[in-house]
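Have the viewer open as you read.

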Amino acid sequence: MLTPSSPARPTQSTPAQLRPTLPDWAVISPERLQHVQRVAALALQWAEQMGVPDSERNRWLRAIWLHDALRDASPELLEKWSANTPGPPELRHGPASSGWARAEGEQDRGVLDAVRYHSLGLAEWDMVGRILYCADYLEPGRAFDRERRAELAEQLPRDPGMVLREVARSRLLHTVESGWPILEPTARFWNSLVGIGESSR
């Protein structure tokens, strides 16, 4: 386990282009670090295929390295940085990481919102949030539905909107099948993807 007292750093095998890196305050297991590295590698691949400027690619990578920085933190630490956050404790790591990153000087609202809502979705996201949401789900290390997820990962640079809707649909179905509540940000996110918004009310 990597803790604030043993600063989190990429392994020597992490390619330099996958950095920015984990913050010093990260609490993350080696297995979770490998997940974050796969998410970063996939997003970097998309950025190259899509011709994304370096400044935007850097935003994607900052959000990716932050999104699970407190995934293995104690309930007490998560509560400190995500007080008054609705939803189950399993969803606290995003808001907590976003809160700590902001306290440490991250000022990019798109990056902070991407990290805070990466488990839920957010209608107001810019591209960094949408890329993190998709890459987190489509990275190849996850064991389920590998063939379909690989197809979607390959299609994203050509049709990011379609892939985002498919990822959101799959994640929403999983939430329903698991018997978990659908939180307000998730409902608004899905409605925004299928064209139901303020104008239809």
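In α5, the buried residues are Gly 110, Val 111, Leu 112, Asp 113, Ala 114 and Val 115. That is six of the eight residues of the helix, so α5 is largely enclosed by the rest of the structure. Elements covering these buried residues include α2 (54-67), α4 (93-103) and α6 (127-138). Please keep in mind that the model is a predicted one.

Asp 113 sits in helix α5, which runs over residues 109-116. Setting aside residues up to four places away in sequence, Asp 113 touches Leu 122 and Trp 125. At the start of the helix, a side-chain oxygen of Asp 108 comes to within 2.9 Å of the backbone nitrogen of Gly 110.

## The chain as a whole

Now for the wider view. The chain has nine helices and zero strands, and along the sequence the pattern reads α-α-α-α-α-α-α-α-α. Of its 201 residues, 45% are buried. Among contacts with a separation of 6 or more, 61% are between residues 24 or more positions apart. The chain exposes about 10,300 Å², and carbon and sulfur atoms supply 51% of that area.

## The nonpolar core

Which residues touch the most other members of the largest nonpolar core? They are Trp 46, Trp 60, Leu 70, Cys 134 and Leu 138, out of 51 residues in that core. Leaving out neighbours within four places in sequence, Trp 60 is in contact with Ala 43, Trp 46, Ala 47, Met 50, Val 52, Met 127, Val 128 and Ile 131.

## Salt bridges across the sequence

Side chains of opposite charge can pair when their charged atoms come close. The structure holds 16 salt bridges, and a few of them are worth a visit.

Arg 32 forms one with Asp 68, and the closest N and O atoms are 3.3 Å apart. This pair links distant parts of the chain, 36 residues apart: Arg 32 belongs to helix α1, while Asp 68 lies in the loop between α2 and α3 (75-81). Arg 32 is partly exposed at 22% relative accessibility, whereas Asp 68 is buried, with a relative accessible area of 3%. Asp 68 also has a C-alpha to C-alpha distance of 9.2 Å to Leu 22, which is 46 residues away in sequence. Leu 22 lies in the segment before α1 (30-50) and is buried, with a relative accessible area of 2%.

Asp 108 lies in the loop between α4 and α5 and Arg 59 in helix α2, so the pair ties together parts that are 49 residues apart in sequence. Arg 59 is buried, with a relative accessible area of 13%. Both residues also take part in a network of salt bridges that links Glu 56, Arg 59, Arg 62, Glu 106, Asp 108 and Asp 126.

## Helix α9

The last stop is helix α9 (residues 184-193), whose buried residues are Pro 185, Thr 186, Phe 189 and Leu 193. Viewed down the axis of α9, these buried residues fall within an arc of 100 degrees, so they line one face of the helix. Their cover includes α6 and α8 (160-177).

Where do two charged residues of α9 meet? The side chains of Glu 184 and Arg 188 form a salt bridge at 2.6 Å, N to O. Because Glu 184 and Arg 188 are four residues apart in helix α9, about one helical turn separates them. Glu 184 is partly exposed at 48% relative accessibility, and Arg 188 is partly exposed at 25%. After α9 comes Gly 195, whose phi is positive, near 85 degrees.

Notes:
Residues are numbered from 1 along each chain as its sequence is written. This is a predicted model: local features need pLDDT of at least 70, side-chain atom pairs count only at pLDDT 80 or more; totals for chains, interfaces and linings use all residues. Side-chain values use heavy atoms; hydrogens and water are left out. Contact means heavy atoms within 4.5 Å. Buried means under 20% relative accessible area, exposed over 50%, partly exposed in between (1.4 Å probe, protein chains only). Accessible areas come from the Shrake-Rupley method with a 1.4 Å probe; for residues, only the protein chains shown count as cover. A polar contact is a pair of N or O atoms within 3.5 Å; within protein, one must be able to donate a hydrogen and the other to accept it, and residues adjacent in sequence count only if both atoms are side-chain atoms. The arc is that of the directions from the helix axis to the C-beta atoms. A nonpolar core is a set of buried Ala, Val, Leu, Ile, Met, Phe, Trp, Tyr and Cys residues joined through side-chain atoms within 4.5 Å. A salt bridge is a side-chain nitrogen of Lys or Arg within 4 Å of a carboxyl oxygen of Asp or Glu.
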